[in-house]
Amino acid sequence: MTGPNVRLTDGRVLQIEDRPIASGGEKTVFFTRDRRSVVGFYHGRLSDRLERVDRLTRIVAKYDPTCGTRGDYWASYFCWPTGIADGASSGVPEAFARRHSLVWPVLGVVTPTYRPQFFFTDRFGTKQEKEVKWFIGRKASAFVPDAEKGSLATRLQICTRLARAVRRLHFAGLAHSDLSNKNVLIDPKAGDACVIDIDSLVVPGVAPPSVLGTPGYIAPEVLAGRAKPSIATDNHALAVLIYQILLQRHPLQGKKVHSTVSAEEDERLSMGERACFIEHPTDWTNPPLQPIRVPFTRLGPHLEQVILKSFVHGLHHPGKRADAAEWEVALYRTLNMLYPTHSGRQWAVVGPGLPLDEPFSGERISGAIPVARYLRDTGDRLVDERQTLTVFHHLTLHSWHTLVGTSPDEHADRRPLGYFAQDGGKWWLVNLSGIPFEVMPGTVVAHQSSVELRPGLTIRLGDDRRARVLAFDFLRA
């Protein structure tokens, strides 16, 4: 049934459907007739209306990363508000507002409709949004078809996108304030992710937090009453989300009981002032609820470092937490260590000192696997960057592999510069860069030429002063 026409503050007019599609804690949501957008109207009572209007106006007009330079790049990372319906000028009839218990005069925010890949049909045939909650717990994931669950590789890609999106918000001085399993959509099948519920952003000096967050993701200092949502508390929520997506458990939910007065009091203490990491390397007072098959250390050295920063050093010291940019870098470096299992169904983090198996299924990885150390040429010596690249068949080289200080972020040049291939029991690197590679010392690998990988091979990837040097060795099962 057709609903009223809604006039936005920018002059646009949208026709909405008469029946809501969802109702949450703050808003009731309606499709526009063309189904390309939704309008979420606040319901109940608003004690901070002027502040919310000011916040929304700034979010839509000033802070939108999907407009301007690289706007197209960021559009898929956020479901960013695109318009505001405010008061009597919106044209929404009072009878419509009363029927749906909306704030009067109405206040609404327009956002794009979620992309099709963020929906799935559960085992009972019901269409569901791909909120994180479906993919991080045994009970919920039992409703998800196996084809939707993805692999370690796609989950690492999801986490990279989340870290990048949050880094972009923080770079602009904004805090989400309510990052949680409900306010992020993910697609484990394709490695995609999108941050939603942007309208409650904390805008420093203008818009204070309107919510404290979602239980399980609220930072300990907020639960203890010592702080309000901020960039620092976002960093805690982001760390919890990434840990859950990769390891399928909550980092703080253990067996330790802090209060028998009530479940709410125990929750407040266990997630707040007495929170303790279930995999803490020296404090074993809060053991995990279930035996851990895959410890966080199995994710490799880069993620191990930021997990320790977030849940050991920084859990009760916000300034010591890993920030979104650190998570992003650690995830890039971990993606560089992935190797496919022989079945082709899963991926494992493979590198020096790590087991040669896929930790979740136990599938063994056999054969000789080339692994290269990243070296940086300072002019008088080669410095170990403490990063490795695990080579698999048809792995493609890009600028973030070949140049020091380059990442696969929004600025990256994504042209292929080379690829690896296994043929006849041997491994090869093919140069596609148009610039000679140098097998040190002195042998040139020209464009479209190849070089066989062997233990001890050291090769400079170009003639740029930032060109990396790769030093190869082989891991053998």
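## Helix α5 against helix α7

In this predicted model, helices α5 and α7 run roughly antiparallel to each other. Helix α5 covers residues 152-171 and helix α7 covers residues 231-247. Their axes come within 10 Å and cross at roughly 170°. Angles over 145 degrees count as roughly antiparallel, so the pair α5 and α7 falls in that class.

The α5 side of the contact consists of L152, R155, L156, I158, C159, L162, A163, V166 and H170. These meet I231, D234, N235, L238, I242, I245 and L246 in α7. By class, the contact of α5 with α7 holds 12 nonpolar residues, 2 polar and 2 charged.

How many cavities of 30 Å³ or more does the structure hold? The count is 1.

The lining of the largest cavity divides into 7 nonpolar, 4 polar and 2 charged residues.

## Overall fold dimensions

The protein chain contains 11 helices and 23 strands. Its C-alpha trace spans about 80 × 55 × 45 Å along the principal axes.

The radius of gyration of the protein chain is 25 Å. A compact globule with 477 residues would have a value near 23 Å, so the chain agrees with that expectation.

Technical notes. Residues numbered from 1 in each chain as written. Predicted model: local features only at pLDDT ≥ 70, side-chain atom pairs only at ≥ 80, totals over all residues. Heavy atoms only, no water. Axes fitted to C-alpha atoms, helices over the stretch in contact; angles between N-to-C directions. Helix = DSSP H or I, 4+ residues; strand = E, 2+ residues; numbered from the N terminus. Parallel < 35°, antiparallel > 145°, perpendicular 65-115°, else oblique. Contact = heavy atoms within 4.5 Å. Nonpolar A, V, L, I, M, F, W, Y, C, P; charged D, E, K, R; others polar. 1 Å grid on protein atoms, 1.4 Å probe; cavity = no way out; pocket = protein on both sides within 12 Å on 5 of 7 lines; lining within 4 Å. Points joined across faces, edges and corners; volume = space filled by probe spheres on them. Rg over C-alpha atoms; globule rule 2.2 N^0.38 Å.
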